[in-house]
Amino acid sequence: MKKYIYFLLALVVMSSCSQQDSISYEDNPAIYFANDDINYSFFYAESVSSQADVYVTVHAMGKASNVDRTFSLEQTDVDAKDAAQSGVQYLSLSSDEMKKRMVIPAGKNEIKLAITLLKDASLDLKAVKLTLKVKENDNFKVGVIESDTTNIVFTSQATKPANWKDWYYAFGTSWGSVKMRFIIDNTGITNFNTVPSDINYLIYLNDKLKQKIYEYNTAHPTAPLVEADGTLVEF
Amino acid sequence: MVSTALLLSFTACSNDKGNYDYISENKLIPVEISVMDSVSVKANSLLSITPTVKNDDKSRYKYTWYTIAKNWPHKCDTLSTKHDLSLNCNLNAGEYTLYYQVKDSLKNIYKYVSAPLTVTATDINSGWYVMKERNGTTDVDYYSMSGTARPNLFTDVMGISPLVGSPVGMAYAPSCYNQEVNNPDGSVTKLYQQSVFHIVSTKDMITLNASDMGVFKRLSEEFYEQPSTFNFQAIAVDGLSTQTLLNNGQMHNLLGFMGGIGKFSFQKEGNFNFYPQIISADYDDYVYDQKSSSMYASDMFSGLVQCTNSKGSTIFSDSSFVMLNFMPRVDYSYMASAYAVFKGGLKNKYYVAAISLFDVYLNPTDPVFTEIPSTCGLLSTDVMAAPRNASVIYFAKDNMLKLFKVATISEEMLKTFDVGEKVTFIKNISGTNADKTTFNDLVVITNSSTGYKVYRFPLVGSAGEINATSSAVMTGTGAASFIMFRQN
């Protein structure tokens, strides 16, 4: 008899579990970020636009809805020293444009949300950080706690590529923002993430940059190309 | 304890009187195999070699002919186990090392000799390549080692358009060139360590696969970024596979050692006006800049370096020096050397400069200047050349071939060609003939209204004299002005 009671209990537990699983996401939709932190510099931008969009991925848990669902984000680092200024350095989350963008469309579970960075003059001197956090609203709760925030660090200054030493055959060892601008202007390269495997191509870049800086310095005999601290730009 | 052990071991060594019986190699295996010459053969044709073996014993030794491909993965193929090699060569076109091994199986020891083997997909390989101009375009006539002519390689043999402009030069780059090939399915195959010909005219150039004479690149593909002006002046390949091209007074390199995809680089840094001559040494290429009146060395490690003399200044520091001619004496050597004919502007004097070019230090020793009179024949012609082993300069004016002796500052007539023939090219070329005899010739090209002639005059003695009695060995249509000999 006792054996049958355990069996019945197990049956009840299993059936209750399966019912609750399907109910939980339908009743409690939640969102989280599904992207890595972002670093951006207007320095490497191919256009001269005064703003740029970077994209964060917002993922909605649970079944897709048959209606559009708005969601909310907030900046949590407003009091930090290097915090990005809303409306000055990025398009305010409370602006009509951002409100229009912060929607999970009907039938979808995920969107790439454009965050518009504004090329304010203050970015010429520093890098700022925008920490975004998902915020509960009528449509969504906060989803995965570990992924409820994402960081966007941006500036107008040149940033030294992490793989700079791998570009040695093309650019030499020294690095500076004036040198980076010279490289971009004379080679057209703006993405330094992947170093070409053809060493002769890197040597071609080096030959070209050496010739171009020779021509620049010859044309400016009393003012050769230097970094802000006076270091001569060399390749 | 350790020191005791060390002491014992030293003692053991010092007390070792030796108890070994050394046997000479020749006593162990007395067979002697003569050195093999390099071999070139067309694929699927007869490859026949009869080796010279002293102290041979066919009842005792076993013989093996085998090849190892020079390109990765260095595949090994056994060709024959007979004493003499005679077979239909079914190897793919490419570069190999051919080995001939004689083995004493009883003692399990062997001796071998080896030689470069080139298998080509075409019968155009070893021999003479004559660059010529017709109607403003450049084509190449080929003459095999046995003398068979294949005129007009571009237009008649390969069916492609000739190069635009006049002949400048051609260079053979062995096993150092990479090429990307686009497949029909859109994929790309990269060919490594290919042997190529660079053929250059004043306005055009082409790179050919030396194994099958297929076109690797035409002008539009030769550079990572095309120069704004095409005015080609010289091409050379040094001992480290650096391919150097002079264009419009500037230098472009292709570092064969560095892999890549066979494209020339941007011009070297500076505002030069290089004299249209490259002296190739084992590790460097030397050029003369007419703007700075100084010599530059280019190598794959240091780039382009201005040469200095023993006092640290540029060797032709007198900026009034005007280079009238610059020619190699010894090239493709660790210690290259050159002659130059100069006008010393300030003093209005003329000189022949003997220049030694040392590779490693990039420092030519101080040139030795010999003043020559303003009436010297060297000053009235651009056609001249120097031999490797004599202090003389050959030069030509119209149909006269002459010799200038630097030591005595004297001239002598070597040969007068028929009226109407004009000498356009002279070069001292050495190598091995089809019958395996070696040659060291002064090769002379003349042009006339009926076409060109190529003469080969053997050098005799050690003072640059030639035997100028032979008649033309190659003749063709068009105006020829450059010849290259390819041994293999």
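**A predicted model with chains A and B**

Me: Is A:Lys129 buried, exposed or partly exposed, in this predicted model?
Reply: A residue is buried if 20 or more other C-beta atoms, placed from the backbone, lie within 10 Å of its own, exposed if 12 or fewer, and partly exposed in between. A:Lys129 has 17 other C-beta atoms within 10 Å, and therefore A:Lys129 is partly exposed.

Residues are numbered from 1 along each chain as its sequence is written, and chains are lettered from A and ligands numbered from 1 in the order in which they are written. As the model is predicted, local features need pLDDT of at least 70 and side-chain atom pairs count only at pLDDT 80 or more, whereas totals for chains, interfaces and linings use all residues.

Me: Which strand holds A:Lys129?
Reply: Strands are DSSP runs (E, at least two residues), numbered from the N terminus. A:Lys129 has its place in residues 128-135 of chain A, which form strand β8.

Me: How many residues does each chain give to the contact of chain A and chain B?
Reply: Two residues are in contact if their C-beta atoms, placed from the backbone, lie within 7 Å. Chain A gives eleven residues, and chain B gives 15 residues.

Me: How far apart are the C-alpha centres of domain 1 and domain 2 of chain B?
Reply: Domain bounds come from an automatic or database domain assignment. For chain B, this assignment gives domain 1 (25-120) and domain 2 (124-148 + 381-488). The separation of their C-alpha centres is 36 Å.

Me: Which strand gives the most to the side of domain 1 of chain B that touches domain 2 of chain B?
Reply: Six residues from each of these domains take part in the contact. On the side of domain 1, three residues come from residues 109-120 of chain B, strand β9.

Conventions. Helix = DSSP H or I, 4+ residues; strand = E, 2+ residues; numbered from the N terminus.
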